[in-house]
Amino acid sequence: MQIPVIMQTTGLLILSNVFMTFAWYGHLKNLNSKAWYIAAFVSWGIALFEYLLQVPANRIGYTQYSLAQLKILQEVLTLLVFVPFSMIYMNQPFKLDYVWAGFCLVGAVYFIFRS
């Protein structure tokens, strides 16, 4: 049984986004008292795992989707990962702007995938 390309791509991109979100923002909570270069090296180590997932995701996805479609998919998934991360892990309040940003991304998905 073959997993559809969109499912493979989306699953790998979600996982890669989790790693990248922690690489970009996790140090603000956990390494705030450390020197910036320590946070940078830790983030770089986390980002390695992101790339180990993101590169195959895009290679798989590019077999059926355009570069623009892959980029828009990535942006949608970034928001879907970032909002729970910011609320749950970083203890940030929910903002209605997340909803409006989501609607804008829905529009972007429509226009990039309509052809």
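**Before the views: what counts as an aromatic pair.** Rings of Phe, Tyr and Trp (for Trp, the six-membered ring) pair up if their centres lie within 6.5 Å; planes under 30 degrees apart count as stacked, over 60 as edge-to-face, and the rest as tilted. By this rule the count here comes to 11 aromatic pairs. Keep in mind that this is a predicted model, where local features need pLDDT of at least 70 and side-chain atom pairs count only at pLDDT 80 or more, while totals for chains, interfaces and linings use all residues. Residues are numbered from 1 along each chain as its sequence is written, and side-chain values use heavy atoms, with hydrogens and water left out.

**View 1. Phe22 and Phe85 make an aromatic pair**. Their rings sit edge-to-face, 4.9 Å centre to centre with 80 degrees between the planes. The pair links distant parts of the chain: Phe22 belongs to helix H1 (residues 5–30) and Phe85 to helix H3, 63 residues apart. Helices here are DSSP runs of H or I with at least four residues, strands are runs of E with at least two, and both are numbered from the N terminus. Phe85 counts as buried because its relative accessibility is 6%, while Phe22, at 32%, counts as partly exposed.

**View 2. Phe94 and Tyr98 form another aromatic pair**. The ring centres of Phe94 and Tyr98 are 5.7 Å apart and their planes are at 75 degrees, so this pair is edge-to-face. Phe94 is partly exposed, with 47% relative accessibility. Tyr98 has a relative accessible area of 17%, so Tyr98 is buried.

**View 3. The whole chain, for orientation, has 4 helices and 0 strands**. Read along the sequence, the pattern is α-α-α-α. The C-alpha trace spans about 50 × 35 × 25 Å along its principal axes. Of the 115 residues, 30% are buried. Take the contacts (heavy atoms within 4.5 Å) between residues at least 6 apart in sequence: 79% of them join residues at least 24 apart. The chain's accessible surface comes to about 7,900 Å², and 72% of that belongs to carbon and sulfur atoms. Those areas come from the Shrake-Rupley method with a 1.4 Å probe, and for residues only the protein chains shown count as cover.

**View 4. Lys71 and Glu75 meet in a salt bridge**. That term means a side-chain nitrogen of Lys or Arg within 4 Å of a carboxyl oxygen of Asp or Glu, and by this rule the count comes to 1. The two side chains come to 2.6 Å, N to O. Both residues lie in helix H3, 4 residues apart, which is about one turn of the helix. Lys71 is partly exposed at 47% relative accessible area, and Glu75 is partly exposed too, at 30%.

**View 5. Gln69 lies in helix H3 (residues 67–89)**. Gln69 counts as buried because its relative accessibility is 11%. A polar atom of the Gln69 side chain lies 2.9 Å from the backbone nitrogen of Ser66. Leaving out residues up to four places away in sequence, Gln69 touches Ile112 and Phe113.

**View 6. Ala23 is a buried residue in helix H1**. Its relative accessible area is 4%. Ala23 touches Ser43, Ile46 and Ala47, again not counting residues up to four places away in sequence. Ala23 and Glu75 are 52 residues apart in sequence and 17 Å apart in space, C-alpha to C-alpha.

**View 7. A nonpolar patch shows up on the surface**. Trp36, Tyr37, Ile38, Phe41, Val42 and Trp44 form this patch, with about 770 Å² of accessible area together. Patches are made of residues with over 30% relative accessible area and no salt bridge; like charges are joined within 9 Å, and nonpolar side chains (Val, Leu, Ile, Met, Phe, Trp, Tyr) within 5 Å. Phe41, one of the patch members, is found in helix H2 (residues 36–61). Phe41 is exposed, with a relative accessible area of 58%.

**View 8. Asn91 has a positive phi**. Most residues other than glycine have a negative phi. Asn91 is not a glycine, yet its phi is about 55 degrees. You'll find Asn91 in the loop between H3 and helix H4 (96–113). With 58% relative accessibility, Asn91 counts as exposed.

Technical notes. Buried < 20%, exposed > 50% of the residue type's maximum accessible area, 1.4 Å probe, protein only. Polar contact = N/O pair within 3.5 Å; in protein donor to acceptor, adjacent residues only side chain to side chain.
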